[in-house]
Amino acid sequence: MSGLGSWLLSITAAALLVGVLEAMIPEGSVKAVSALGCGLLLFLVLVRPLLGGSYERLLEELHSWQSEAAEETERLNQVETSLEETIIAEDAAAYIQAEAGEQGISCSVTVTCGQNEDGLTLPVAVEIEGVTQEAQQEALRTLIQEAFALPEEQIHFAETEEVRQDAGA
């Protein structure tokens, strides 16, 4: 166990021991004397790194824990951002597909998200498969531009394999 871990464990053990001893000692002058002794015991356990000369090692471990905590925080922030992008992309794609369905358009929608300069997660590109008619493409393009303020060049239409085979037949 690391020095910091053993120090924290010794503090915890000493505190538990002091609590048990104080609960067992009857009221009176003995309790007052034992409280002083227990307080001294806790104090010695707390300052042990200073007395034992391992204070520098304790500080090194504290810095190590701090850097590990910062790295873990960064990793969790990245996971959170990734999950946020996935949720927003799925919700935006479902919205576009629902709106297309209301207009009688059958398609598959993929939305890509990213963060803007303010750190907000927003849709940055949309790809729609299965829409071949220009009027339907224009209706969906207008819907997406109004709903997500995406420029026209970020909205892509791709034909599915089925559509290409039907067009070739």
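Helices (H or I, at least four residues) and strands (E, at least two) are DSSP runs, numbered from the N terminus. The structure shown is a predicted model, in which local features need pLDDT of at least 70, side-chain atom pairs count only at pLDDT 80 or more, and totals for chains, interfaces and linings use all residues. Residues are numbered from 1 along each chain as its sequence is written, and side-chain values use heavy atoms, with hydrogens and water left out.

**View 1. Overall arrangement of the secondary structure.** The protein contains 5 helices and 3 strands, which follow the order α-α-α-β-β-α-β-α from the N terminus. Among its 169 residues, 24% count as buried, that is, under 20% relative accessible area, where exposed means over 50% and partly exposed in between (1.4 Å probe, protein chains only). A contact means heavy atoms within 4.5 Å. Of the contacts with a separation of 6 or more, 55% are between residues 24 or more positions apart.

**View 2. The largest nonpolar core.** A nonpolar core is a set of buried Ala, Val, Leu, Ile, Met, Phe, Trp, Tyr and Cys residues joined through side-chain atoms within 4.5 Å. The largest such core has 18 residues, and C107, V109, V111, V126, I128, L140 and I144 touch the most other members. Two or more residues each come from α3 (55–102), β1 (108–115), β2 (121–129) and α4 (134–148). The greatest contribution, 5 residues, is that of α3.

View 3. Leaving aside residues up to four places away in sequence, V111 touches A89, A92, A93, I96, P123, A125 and V126. A second, separate core has 5 residues, including L4, W7, I11 and A14.

View 4. Two strands pair if DSSP finds at least two bridges between them. Strands β1 and β2 run antiparallel and are joined by 8 bridges, with V111 opposite V126 in β2. The two strands form a hairpin with 5 residues between them, and G119 in the turn has a positive phi of about 85°.

View 5. C38 counts as buried because its relative accessibility is 6%. C107 is likewise buried, with a relative accessible area of 14%. A disulfide is a pair of cysteine sulfur atoms within 2.5 Å, and a search of the whole structure finds 0 disulfides.
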